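Please look over the fold and the side-chain contacts described in this report.

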Amino acid sequence: MNFIDSHCHLHDSRIISDIPWIEDRAQIANVQYMVSCATMEDNFELTAQLSKDFPSILPCFGIHPWFVGSISRQWKERLEHYLLTYPSGIGETGIDFTDKTCDREAQIKVFLHHLMLARELERPINIHVRNAWDTFIHILKKTGKLKVPGLIHSYSGSADMIPLFESHGLYISFSGSVTNPNAKKVVNALKMVSCDRFVLETDTPDIYPYLPEHLLEPEAFRLNEPRNLPAIAKIASNRIGMAFEEFSNHAYENSLKVFHPVLEAKKNQK
């Protein structure tokens, strides 16, 4: 069985010095590709360099909703430069209204530009949504179905919204949060997703999964990494009553479909 980590942040300062070993451990765990998402202009170049140094790393470039306040006057040009220079997806981008003081209009404006680029460049988009589902649905209905597939990362919404998202060309990505014994809402959402529409992620180095005792790192070193993806898949498959191999194969094949434009461009660049 093979796996693809559909959303992680390998540029993160907590793990960047360990990337060669993280990549080795991922390969041993049969994690074939890791989709590493930039979050702001300051880590575009590092994300690009990681993709050059490690063939298994697929980059995405975007502005995370938490960091819309950091954008420069040239952010659109810089984003497009990296998207046109490297085989890549778009993201992490989206809307997050958890902080009641956030600039919602700025988030929406930045997100809409990313959606426009996804359509124009026909690239997969990696979307973050937290406590902003009504606004996100309004945007989707207004902008229409994506030209190429995208995904909602670390899904936290309700199960009843999933058919709408699938009809707009979105895949649903599940992280280590699905391993939380109390995550009934997430498990119900996973049960609702079509077999050809779910993917898996670690959100490395965050959302460390609830693993069996023998797989746990000591508390002091507990940062997530892509090698944990098979364990997440094992627990998730058990929670919805699907065979591990069948579940993992669905997730892998679905990720290949989402990131097909990036993988093809990367292959043609050689």
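A residue is called buried under 20% relative accessible area, exposed over 50% and partly exposed in between, with a 1.4 Å probe and protein chains only. The model is predicted, so that local features need pLDDT of at least 70 and side-chain atom pairs count only at pLDDT 80 or more, whereas totals for chains, interfaces and linings use all residues. Residues are numbered from 1 along each chain as its sequence is written, and side-chain values use heavy atoms, with hydrogens and water left out.

| Residue | Relative accessible area | Class |
|---|---|---|
| Tyr155 | 1% | buried |
| Phe174 | 1% | buried |
| Cys37 | 0% | buried |
| Cys195 | 34% | partly exposed |

Rings of Phe, Tyr and Trp (its six-membered ring) pair if their centres lie within 6.5 Å, and planes under 30 degrees apart count as stacked, over 60 as edge-to-face and the rest as tilted. The structure holds 15 aromatic pairs. In one of them, the ring centres of Tyr155 and Phe174 are 6.3 Å apart and the planes stand at 65 degrees, so the pair is edge-to-face. This pair joins distant parts of the chain, 19 residues apart, with Tyr155 in the loop between β6 (150-152) and α6 (162-167) and Phe174 in strand β7 (residues 170-174). Both belong to one aromatic cluster together with Phe111, Trp133, Phe136 and Phe165.

Helices (H or I, at least four residues) and strands (E, at least two) are DSSP runs numbered from the N terminus, and two strands pair if DSSP finds at least two bridges between them. Eight strands form an open sheet with parallel pairing, in the order β1-β2-β3-β4-β5-β6-β7-β8. Its edge strands, β1 (3-8) and β8 (198-200), each pair on one side only. Strand β1 pairs with β2 (residues 31-37) in the parallel sense over four bridges, and Cys8 stands opposite Ser36 in β2. Helix α2 (residues 44-53) packs on the sheet, touching β2 and β3 (57-61), where contact means heavy atoms within 4.5 Å.

How values were computed: Axes are lines fitted to C-alpha atoms, for helices over the stretch in contact, and angles run from 0 to 180 degrees between N-to-C directions.
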